[in-house]
Amino acid sequence: MTNPILELSGVSTAVEGFEVTRDLDLTVGRGEAVGLVGRNGAGKTTTFRGIMGLAEVRSGSIRFDGTELTSLPADRIPGLGVGYQPEDRKLFTGMTVDENFRLPVWTAGDERGIEDEDEVVEGVYDLFEELSDRRDAEVQHLSGGQAKMVAIGRALAIQPDLLLLDEPLEGLAPFIVKNLKEHVRTINDQGISVLIAESNVTHVPDVVDRIYVIERGEIVDSGDPEVLAEKPEIRELMQGSGQYEG
Amino acid sequence: MVALENVAIHTLNGVQYGFVLFLIASGLTIILGILDVLNLAHGELFALGAYVTSSLVGALVGAAFTPDSGLGFLLVVLAGSALAAAVLVPVGLFLEAVLLRPIYERDEVYQLVLTFALLLVIKDAIKYVWGPKPVRLEGVYSGINALATVSIAGRTFPTYKLLIIVVGAAVTVGLFYFFERTKTGRIVRATAIDREMATAIGVDVDRTFTLVFAMGAFFAGFAGAMALPPTQAHLEMGADPLVLSFVVIVIGGLGSLRGAFVGALLVGVLTRWATWLYPAMELAAPFAIMAVVLLVKPEGLFGSWGERA
């Protein structure tokens, strides 16, 4: 792939001294939607945290739009254009939906060249219309689906070039999953590159262009999502009953 | 029969005492709630504020005002106190950036040992600069006593105490406005709620922590500065405010600014009532209030940032 927006080469990450991912290679093209699929504990979240500078990267290179991220302080990464929705949402409780959307604009808006804060925030409400009349609600009072939308909306508020979504569909009712998938497709259609971590392989084929399969910290397969989703060994792997044989 | 005017005047005394406690405790609880550091040297920052005030206000009053110049005199005392507190800001910046930052990831025992060591170092520094004897601002002291009192419910009330209430109320409003309404205040709150997620949206957590610690040092110094003029600065003056600040923030809920405000006023008013009605209870009153609150609500009256501070 020429000139990818995100390129991981030989990345090994660790948590509390224990190696989680080994020699991981992954790329996301400009405007592309890519899935990182694997069981719980396979290393998806740690990979995302490594990209965001929140987990120890022991070796390898993580380049975003030509900039090496591993040598940067973590708080500089959002300003480059990487939005992050963590697996457990990590909303700023005690604060309103609106405050959660505005905070990233205040912290990274200058680097992102954002001049009109209200315009950006209203753009997020346009995408997640369900949140428009909840803007003054404190986030701990939201439903699970709404909370996921706030987490994604907060990541979008820096007007990112790359959006990292860690298990955005997990634990949600089917009709909300369908709704959120449409939102993700809309985001991607706007030209924002998306990397989605997902443990349910059946969730991603209609959202992403390519998937990587991660198992025990290593990429074990990659390719067309619909083809891989039909592979019996992938399905078994996702159900936790199989060993991937390649 | 308890006269109503006595109730009013002792309540007002309690409110004034409560605001002094809040000024001290606000810094302690902000630092605890956001940096997760229990600063044992906080009382010495209070003392340092008082000592710096003794030099600054003494010089200002001596140079420009006579103690009988009324409102102008009070404004000079207030400006001197704010200046003295401002001196605490670089002290706070240094303590956080150089000494505390390297040990955040370590066990809390390291923080306690370090801040206790700071308590001793600051006390020795005060002794070195101002000497071991208490410092009284004679001119300011007599000036404050010479100020006309105000009449409240048919009783007289010292003007300086009224000034402390007004300033305390203004600081309270300012602090809540800062944390609830300003961008920087809300970024600080977000950092307190989840420092890793704050980093992930672009917050420079190191810089935020330095700002917060300097702010805490400022308010400790300001409390010392405001509390000094009617009394005297002495080497042991940091101990009681530290202990009472702990009582206040335990009552209010560790790390809660709202809790510190309610806790300080509760301790202030009830302690003054106890001193009036049962003088033997003066020292025990704050701890008795704390014990009752802990029995009813062990986590304190309010939650920390993120739990609705």
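Predicted model: local features only at pLDDT ≥ 70, side-chain atom pairs only at ≥ 80, totals over all residues.
Local features need pLDDT of at least 70 and side-chain atom pairs count only at pLDDT 80 or more, while totals for chains, interfaces and linings use all residues. Residues are numbered from 1 along each chain, chains are lettered from A, and side-chain values use heavy atoms, without hydrogens and water.

**Exercise 1.** Find the edge strands of the open sheet in chain A.

*Solution.* Start with the order, S2-S1-S4-S5, with antiparallel pairing. Strands are DSSP runs (E, at least two residues) and helices are too (H or I, at least four), numbered from the N terminus; two strands pair if DSSP finds at least two bridges between them. Strands S2 (18-28) and S5 (67-68) of chain A each pair on one side only, and are the edges. Next, look at S5(A): two bridges join it to S4 (residues 56-64), and A:Arg63 stands opposite A:Glu68.

**Exercise 2.** List the residues that A:Leu6 touches, leaving out those up to four places away in sequence.

*Solution.* A:Leu6 then touches A:Leu26, A:Thr27, A:Val28, A:Ile51, A:Ile62, A:Arg63, A:Phe64, A:Leu162 and A:Leu195.

**Exercise 3.** Describe the interface of chain A and chain B.

*Solution.* First count residues: chain A gives 23 and chain B gives 19. Then take the buried area (accessible area lost by both parts together, 1.4 Å probe): about 2,000 Å², with 64% from carbon and sulfur atoms. In chain A, A:Asp75, A:Phe92 and A:Trp106 lose the most, together 29% of what that side buries. Finally, look for salt bridges (side-chain nitrogen of Lys or Arg within 4 Å of a carboxyl oxygen of Asp or Glu). The rule finds five across the interface; B:Arg186 and A:Glu99 meet in a salt bridge at 3.1 Å, N to O.

Technical notes. Contact = heavy atoms within 4.5 Å. Buried area = accessible area lost by both parts, 1.4 Å probe.
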